[in-house]
Amino acid sequence: MENEVYNDGIEIIVANASHEKYVDEILETISAAAKVRGTGIAKRTHEYVAQKMKEGKAIIALAGDEFAGFCYIESWGNKQYVANSGLIVKDKFRGHGLARRIKQKAFELSRTMWPDAKLFGLTSGGAVMKINTELGYVPVPFSELTDDETFWKGCQGCVNHDVLMRTERRYCICTAMLYDPAKHGKK
Ligand SMILES: CC(C)(COP(=O)(O)OP(=O)(O)OC[C@H]1O[C@@H](n2cnc3c(N)ncnc32)[C@H](O)[C@@H]1OP(=O)(O)O)[C@@H](O)C(=O)NCCC(=O)NCCS
């Protein structure tokens, strides 16, 4: 997959082991943004994110040497589902379509790695809902998502986890969105 450099000089790259030096800043930026929004966020460790980079399952946006944005993908439920998680754009780079470019690249990577998988995400953010809709995702009930316990364990660190538990995983604050390749034709 080609790396993309736009006329603002920001490069959108499939991350690798050499990008581990950015992991701590990525995690700090994610948790600071969650505090500002007052929303829940799944907690990830340095090792988990670094492993995603080593496996070629993360997208990083770089302005020269500076981290500008990030997200990663992971397969669940015996590779039948792929989730896009951890999307973050550093404050000063927001509002210029960078999240859209990162999500587009993550979408292409997911479709390349797992062409038959359904792609999904959980979000409470308007920007992500808009970008997902442009990519062909639709809102779905939680029952249409993976039942992989490990995926749902990721919600344990979220401040709203009690809601998810109280509703027996049928509802929560986030909106679930799904892209089903069977409904779009295969690439
Ligand atoms: C959400 C976030 C990733 C957006 O990054 P960004 O680079 O500013 O987003 P983009 O510029 O690509 O915006 C994409 C579209 O969403 C719209 N948008 C941006 N923020 C929005 C918001 N809060 N509500 C509704 N729409 C929004 C933009 O207007 C744009 O649409 P347009 O081009 O038609 O005007 C960034 O604000 C961020 O990192 N926030 C904190 C972490 C977070 O919320 N992550 C998502 C977790 S699910």
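**Close-up 1. K79 in the loop between β4 and β5.** In this predicted model, K79 lies in the loop that joins β4 (66-76) to β5 (81-89). The phi angle of K79 is positive, about 65°, although the residue is not a glycine. K79 counts as exposed because 11 C-beta neighbours lie inside 10 Å, and a residue is exposed if that count is 12 or fewer.

**Close-up 2. E168 in the loop between α6 and β8.** The loop shown runs between α6 (161-166) and β8 (175-179), and E168 is found in it. E168 is not a glycine, yet its phi is positive, at about 50°. E168 is exposed, since its C-beta has 8 other C-beta atoms within 10 Å.

Close-up 3. The ligand has 18 residues around it, of which A33, R94, A99, G126 and A127 come nearest. Two or more residues of this shell come from each of β5, α3 (98-113) and α4 (126-135).

**Close-up 4. α4 in the shell around the ligand.** α4 makes the greatest contribution to the shell around the ligand, giving 5 residues. The helix covers residues 126-135.

**Close-up 5. Residue classes in the shell around the ligand.** The shell is made up of 9 nonpolar, 6 polar and 3 charged residues. Among the residues that come nearest to the ligand are A33, A99 and A127, and Ala counts as nonpolar. R94 and G126 also come nearest; Arg counts as charged and Gly as polar.

Terms used:
Residues numbered from 1 in each chain as written. Predicted model: local features only at pLDDT ≥ 70, side-chain atom pairs only at ≥ 80, totals over all residues. Helix = DSSP H or I, 4+ residues; strand = E, 2+ residues; numbered from the N terminus. Buried ≥ 20, exposed ≤ 12 C-beta atoms within 10 Å, placed from the backbone. Near = placed C-beta within 6 Å.
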